[in-house]
Amino acid sequence: MKDPVDELARMGTEAAGQVVRVDLGPFRPYLVSHPDHVQQVLTAEWGNFAREGMFWRPVRRVTGKGILREGDEWASARKILQPLFTAKYTATLAEGMADAIAERVLELDVHARAGRPIDAADQMTAIINQAVVKVLFGGRISRDTAERLAPEFATCATSIAFRLLFPFVPYSIKVPGDRAYLRAMNNIDEIVYPLIEQAHREGAHGGTADLIAVLLRARQQEDGRMDLEQVRDDLVSMYATSTETTATSLTWLWAVLHDHPDVSARLHEEIDRVVGQEPVRPEHVPRLTYLHMVLQELLRLYPAGWIIPRQAVADTKIGGVRIKAGSQVLISPYTTHRLPEFWDRPLEFDPGRWADGAAPRHRYAFFPFGAGPHSCLGQGLFRIEAPLVIASLLSKYRLALTNPQRLTAVPGASARPKQQIMLRLVPIERNPRT
């Protein structure tokens, strides 16, 4: 309970990646971390390992029946949403994202001038939220409404920790986090449903390409009826997957840079050389090669999706261990990314291991966005969002951590730091260029 994310990783690494039966009293899931076994569950035999079971219940209370489901519901949502997250389409969103991020970063000047520290988690969530809302909602949502939405999703992501650790506890029994979760879920619905209903009344079925319009067009039935609840579930699922991974990863980054001043110095040097005093634009991103290496290493040590639950559909074997139908299987990127059999100095943050496009020893030793048919649709957005945010911040400021401490991960929908990370923004002084 004190540090369950790291404890699960300890179990997996001590077993050298072999299958581990985790004893949680009446509930005994299998921890799967060896890359061969990850490949079996997520790709080779993915149809036999469904996204079902008690681990999914707390997540689906808010996301409903959409992209995070299985069967026809998942296939339908994936078919509708995948065109919005291709590399070609996300590239068209980059300019709008860069504008939204630059606008939000500029607002931090008031904190910098006052010498007032900022909460890293809150500010990373706010910056990513503004960018995602702009490109996915197409201006249908006001700034005030968007800023109300972001903290509610953060509450949902973190308040399910108890339910994830003790998924066998009946929902008739109230546990810590339930009240906050239900309140946040209701607040999300009070924001999202009116947006959908207004777009539906306005006839958002033409050529507009924002996410709500796409979903309304796709979900309209032949007789003209509309399943607004399904549109709501699709929208909530995609908003969550487009924001949570990036905001969580960027929150960890600032503590990592504090602990590794050599990495921070090299990152600042590259951003200053590539971007300089210009606004950060999408064309800068491919030239920020060291930043890409830092992000890869950040995703290795602190994958937002720390656990991927599955339920065996039929009897099978993993690594020689018999797995009965109905058994819960836990894939843990957080664990696999720390296996010394596949990573030199696995606990050391070393962006250099990714130099010259170096790949891990095994294709499935690194999978921060999952793998196989259920891999995260939002990973393309992450590759645009994260570099733009980091470069925008570090081209203007040096971010000094004011409360260094040992961090532990909260085992929610993503693995956010439990402790608050406070940053002081120190403006970078440059001589005017001639």
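This briefing describes selected features of one protein model. The model is predicted. It contains 3 cavities of 30 Å³ or more, an open sheet of 5 strands and 6 aromatic pairs.

- Rolling a probe the size of a water molecule over the atoms shows where empty space is left.
- The second largest cavity has a volume of about 60 Å³.
- Its lining is made up of T125, N129, A150, F153, A154, Y239, T243, E244, A247 and R416.
- Three helices, α7 (120-137), α8 (143-158) and α12 (228-259), each supply at least two residues of this lining.
- Helix α12 gives the most to the lining, with 4 residues.
- Sorted by class, the lining has 5 nonpolar, 3 polar and 2 charged residues.

**Aromatic rings**

- A pair of aromatic rings is described by the distance of the centres and the angle of the planes.
- The model has 6 aromatic pairs. One of them joins F153 and Y239, with 4.5 Å from centre to centre and 45 degrees between the planes, and is tilted.
- This pair links distant parts of the chain, as F153 belongs to helix α8 and Y239 to helix α12, 86 residues apart.
- F153 counts as buried because its relative accessible area of 9% is under 20%.
- Y239 is also buried, with a relative accessibility of 2%.
- Both F153 and Y239 are among the residues that line the second largest cavity.
- Elsewhere, ring pairs link W343, W354 and F366 into a cluster.

**The sheet**

- Strands of a sheet pair through backbone hydrogen bonds, either parallel or antiparallel.
- The 5 strands of the open sheet follow the order β1-β2-β8-β5-β3, and their pairing is mixed.
- The edge strands, β1 (20-21) and β3 (49-50), each pair on one side only.
- Strand β1 pairs with β2 (residues 30-32) in the antiparallel sense, over 2 bridges.
- V20 has L31 in β2 as its bridge partner.

- P333 lies in helix α15, which covers residues 333-336.
- P333 is buried, because a relative accessible area of 0% falls under the cut-off of 20%.
- Leaving aside residues up to four places away in sequence, P333 touches P303, G305, W306, I307, I308 and F367.
- The C-alpha atoms of P333 and Y171 are separated by 28 Å, and the two residues are 162 residues apart along the chain.

Notes:
Residues are numbered from 1 along each chain as its sequence is written. This is a predicted model: local features need pLDDT of at least 70, side-chain atom pairs count only at pLDDT 80 or more; totals for chains, interfaces and linings use all residues. Side-chain values use heavy atoms; hydrogens and water are left out. On a 1 Å grid over the protein atoms alone, a cavity is a set of points where a 1.4 Å probe fits but cannot get out, and a pocket is an open set with protein on both sides within 12 Å along at least five of seven lines; lining residues have an atom within 4 Å of a point. Grid points are joined across faces, edges and corners, and a volume is the space filled by probe spheres set on the points. Ala, Val, Leu, Ile, Met, Phe, Trp, Tyr, Cys and Pro count as nonpolar, Asp, Glu, Lys and Arg as charged, and the others, Gly among them, as polar. Buried means under 20% relative accessible area, exposed over 50%, partly exposed in between (1.4 Å probe, protein chains only). Contact means heavy atoms within 4.5 Å. Two strands pair if DSSP finds at least two bridges between them. Rings of Phe, Tyr and Trp (its six-membered ring) pair if their centres lie within 6.5 Å; planes under 30 degrees apart count as stacked, over 60 as edge-to-face and the rest as tilted.
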